[in-house]
Amino acid sequence: MNRSLPWRTAWAIARRDLNRRFRGLRLLLVCLFLGVGALAAIGTLTGAIRGEIERNGQEILGGDLEVEVWQRPPSAEELALFEEIGRVSGGLRMQANASAGSGEESLTAPVELKAVDANWPLYGRFTLQSGREAGAPQGNQAWLAEGAAQRLGIEPGDPFRIGTAELTVGGIIEEEPDRLSEGFALGPTIIVADHIPAEAGLTAPGAMYESKYRIALDGGGSPDIAVERIEDAFPSAGFDFRTADRASPGADRFVSRMGDFLVLVGLAALVIAGIGIGGGVSSYLEARRSSIATLKILGATSGDIARIYALQLGAASLAGAVAGLAAGVAITPLLGYALGSLLPVDPGLVIDPPALLRAAAFGLLVALIFAAPPLVRARSFPAMTIMRARVSPLAMQWRDALIPVGGGLLGIVALVLIGAAQPLLSAGFLAGAALLLGLLALLGLAIRKAAARAPRLRSTMLRIAIANLHRPGAQTGALVTALGFGLAAFVLLAAIETSIEANIQRTLPREAPNYFVLDIPRDRIGEFEMLVKEERAEATIRSVPTLRGRILAYGPEDSMIRVADLEEIPEGAWPLRGERGLTYSDTVPEGNSLTQGEWWSVDYEGEPLVSIDEELAEALDLQLGDYLTIGLLGVERSARITSFRRIDWDSMGFNFILVFSPNAIADAPHNLAATVDLPGSTDSGPLLRQLVRNFPSSSVIEIGQVLTAARTILRQVGNAVLAAASVAVLAGIAVLLGAIAAARASRLYDNVVLRVLGASRSQLLWLQLAEYGVLALLLAGVALALGGAAAWGIIVYLFEFDWLPDWPRVIAVLGGGLALVLGFALAGSLPLLRAKPAQVLREL
């Protein structure tokens, strides 16, 4: 009975046979490097951002709890309860215009005005560029973001105006601890004392501003208990709450969304790379066929063979994984730089051991799954059978590979379910990948059978090429899988890129109003229109009433559902979260169309009515005749639903989820908002200065700057998506190389026999191209379907964009991928053409 080799002896043999440069296993290294590197970078980046947000939640929020309410400050009773709960810092946020200089030389900029009291900031440090640590500005001083100072052309000590208030630049902001929690702004920040907005005439009844009160809880109390206490005391106040563990929900959603996508890309790269690993390992073991047979003749058992080559493959896999981990850590700062302002924090160079271990485990398990079958095949046959493998191909003993393959699959599923932010999404992706592998395997089998039954063609080259698809030992199955995934990666990349570009063009049109103007007093709308027309007679003006309120209840009148009683918000019912814009109108708003019901008549005076967006109605299962209750300035108002509307969200006009009959809400204090469209491209600066001068309490927003910022953000998202998806494309290229390398050994014998029978090198070259060309053309449609479906899921469900691919460009990219496949096939054939028949036949 043969004794098994000790592990030390097996390692000594494996080490002698293992080239220091891993010759023959470089494809395994490249595939693991790409997959593990992608997952390491993804895990490190998202982990660093989440960790930074969680550690600094109090500073980011500015307290343990934040209470927000629109268009009013808290009442004395509400404020007393806040102060009973903990230390309070209050203020408001609003859109405003700042101006500096006088006459034609004056400069104007839209800004985010942030008014704070003497207790600000409750947490963290606020610093100026001068190096001074500061708190709330004193008197008429103001702290300016650098962007505001640059646009106004002012510096510390210079005067400027907001509304009717004359202010002085006290310093330029260096670090604002609660900046991240403030969310998206339409201009740079200016911080003033809490008395300034009222003195500037910006908080008159109906003005559009948001009161924010941060609370530092006494004795480290629970924010959730504090929220319940406030809601119980003031159920109809219309408060929105945020706690330190959810200091920046927008940043959390972005990181989660991008993290989910990037994890899917990493897993896709690993799955695709796994196919390359299988091909590379098969090619490597085929090249060592003689060594394996010799070891068996000398007495090595099947277990010894498995032990020796498993050690070699393990060493190479470990090297590839370690290199991928190092690359993933190194490129994390580069990813942070590429994403720029999209990231809520600067991740820097971070080492996240759990994320790195998880990435390495994924990589090594994938290597096990795809390397085990060829290794099992090498150990399962007697020496003479292995020696004759080229003329009598070995059959695969799948039963022996079930344990390592099954164990690896269970390990991957466990890692996905345990560590993923959305395990169902990742598990679904893995199930889809497994299904695709199965479908491609079946397709490969179908192609072999169809080739075997194909009629005899007149063209000798095509006849031999088709015969090569079903001959014994043909690599058709592996080539179908590799080409299918590789070409699908090209389609995926092109479809995502073109859809994002189309969404940018469609959602952010080049033609839009020049200005949005907020907080126009109702009794001065005629004066506003006259001023605009005097400056630009061809201007188009559209004005609407604007209020803020929140939905409190909905449904049939006798059984309305209170939003506060919902355990979770229904899917698609995002307007239930927080306060929303409200308006009223005698006619159907521009850009809206009725889908059900009827509009009320002009000068209607009956029961209060409301028209609702059809998507919200569907999400809440609302019917015509149901009722809706809103909280408006702390007062509950109910209205009956009489119609559903379809809203054109792509327009750059005013769009409201809820539109009421005038008698429902027109009596509440409110102002108007307007859009101003100036045909032509002439300078609109004089009109801007006139508006700011004559309507100091109104906010004038230049749409061009907003669109530029939005386009920049979406392009950054697109660049991040393309950079991540390119990893899958690189893995697909590696897979193609692996498939060609794995098929090279079996083709060597065929080419030698054809050379002996008189075939020229050019004929052999055309034969190779014809075989790959037939396969590539057959798989082009499959790749288009697979890549298109994956891109559709990413665009529609992950990013919630419209599906707008540019199919001509997608097909052109697919054509480029086909050309690349044929190029690789040609490059892989050149070594075979140089082989000498006599030498090869002696080695059989």
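Q: Buried means under 20% relative accessible area, exposed means over 50%, and partly exposed lies in between (1.4 Å probe, protein chains only). Why is D519 called buried?
A: D519 has 4% relative accessibility, so it counts as buried. This is a predicted model, in which local features need pLDDT of at least 70, side-chain atom pairs count only at pLDDT 80 or more, and totals for chains, interfaces and linings use all residues. Residues are numbered from 1 along each chain as its sequence is written, and side-chain values use heavy atoms, with hydrogens and water left out.

Q: What makes the backbone of D519 worth a remark?
A: Phi of D519 is about 60°, a positive value, although D519 is not a glycine. D519 is in strand β12 (residues 515-520); strands are DSSP runs of E with at least two residues, helices are runs of H or I with at least four, and both are numbered from the N terminus.

Q: Which value of phi does Q71 have, and is Q71 buried or exposed?
A: Phi of Q71 is near 65°, again a positive value in a residue other than glycine. Q71 sits in the loop between β1 and α4 (76-85), and its relative accessible area of 7% makes it buried.

Q: How do you know that R214 and E66 form a salt bridge?
A: A salt bridge needs a side-chain nitrogen of Lys or Arg within 4 Å of a carboxyl oxygen of Asp or Glu. In R214 and E66 the closest N and O atoms are 2.5 Å apart, and the pair is a salt bridge. R214 lies in strand β10 (residues 210-217) and E66 in strand β1 (residues 65-70), so the pair ties together parts that are 148 residues apart in sequence. Both residues are buried.

Q: Which network of salt bridges includes R214 and E66?
A: R214 and E66 are linked with E68, K114, E176, D178 and R242 in a network of salt bridges. Over the whole structure, a search finds 18 salt bridges.

Q: What makes R562 and E636 a salt bridge, and which parts does the pair tie together?
A: Their side chains meet at 3.3 Å, N to O, which is within the cut-off for a salt bridge. R562 lies in strand β14 (residues 561-562) and E636 in strand β19, so the pair ties together parts that are 74 residues apart in sequence. R562 is partly exposed at 30% relative accessibility, and E636 is partly exposed at 35%.

Q: Are R536 and E538 buried or partly exposed, and how do their side chains meet?
A: R536 has a relative accessible area of 11% and is therefore buried, whereas E538 has 39% and is partly exposed. Their side chains meet in a salt bridge of 2.8 Å, N to O.

Q: What does the side chain of R645 reach?
A: The side chain of R645 reaches the backbone oxygen of F656 at 3.2 Å. R645 is found in strand β19 (residues 635-647).

Q: Why is L435 called exposed, and which patch includes it?
A: L435 has 53% relative accessibility, so it counts as exposed. L435, L439, L442 and L445 form a nonpolar patch on the surface, with about 400 Å² of accessible area together. Patch members have over 30% relative accessible area and no salt bridge, with nonpolar side chains (Val, Leu, Ile, Met, Phe, Trp, Tyr) joined within 5 Å and like charges within 9 Å. L435 lies in helix α14 (residues 423-452).

Q: Which residues gather in a patch of negative charge?
A: D224, E228, E231, D232 and D245 gather in this patch on the surface. D224 is in helix α7 (residues 223-233).

Q: Why is E286 called partly exposed?
A: E286 has a relative accessible area of 23%, so it is partly exposed. E286 is in helix α8 (residues 249-287). The C-alpha atoms of E286 and P374 are separated by 9.2 Å, although the two are 88 residues apart along the chain.

Definitions and conventions. Accessible areas come from the Shrake-Rupley method with a 1.4 Å probe; for residues, only the protein chains shown count as cover. Lys and Arg count as positive and Asp and Glu as negative; His and the chain ends are not counted. The place of a charge is taken as NZ of Lys, CZ of Arg, CG of Asp or CD of Glu. A polar contact is a pair of N or O atoms within 3.5 Å; within protein, one must be able to donate a hydrogen and the other to accept it, and residues adjacent in sequence count only if both atoms are side-chain atoms.
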